[in-house]
Amino acid sequence: MSGQPFGPDVVGAVSRHMNEDHAADALLICRTLGGCPTATRARTTGLDGDGMDFVVTVDGVDVPIRVPFAHRLTERAEIRREVVRMYREACRHLGIEPRPADA
């Protein structure tokens, strides 16, 4: 791939936002799309144009995982859309109703 399209400031801001405001959503994503159905906690640790990195807690052990994006991202505005898509896909997998987009 062609390298990291997002600078450290963007990666840090997105990671903080996910950890502070969307930790439960990250956990759903990791349980379904990340292949860790028994994870009890998820923390966003980074991202690049191809996916998002997390550390999940499984049976009391922290495990790094990566969840790939559906397509390569090159612009910051694409990150939110892709994370919302992943959250909605995770909800579908679990048979739960996602929050409205503006919630």
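Being four residues apart in helix 3, glutamate 89 and arginine 85 are separated by about one helical turn. Helices here are DSSP runs of H or I with at least four residues, and strands are runs of E with at least two, numbered from the N terminus. The side chains of glutamate 89 and arginine 85 form a salt bridge, at 2.4 Å from N to O; the term denotes a side-chain nitrogen of Lys or Arg within 4 Å of a carboxyl oxygen of Asp or Glu. Arginine 85 also meets glutamate 82 in a salt bridge of 2.7 Å, N to O.

Glutamate 82 is buried, at 3% relative accessibility, whereas arginine 85 is partly exposed at 27%. Buried means under 20% relative accessible area, exposed over 50%, and partly exposed in between (1.4 Å probe, protein chains only).

## Basis of the model

This is a predicted model, in which local features need pLDDT of at least 70 and side-chain atom pairs count only at pLDDT 80 or more, while totals for chains, interfaces and linings use all residues. Residues are numbered from 1 along each chain as its sequence is written, and side-chain values use heavy atoms, leaving out hydrogens and water.

Aspartate 53 forms a salt bridge with arginine 66, with the closest N and O atoms 2.9 Å apart. Aspartate 53 lies in strand 2 (residues 51-58) and arginine 66 in strand 3 (residues 61-68), so the pair ties together parts that are 13 residues apart in sequence. Aspartate 53 is partly exposed, at 24% relative accessible area, and arginine 66 is partly exposed at 36%.
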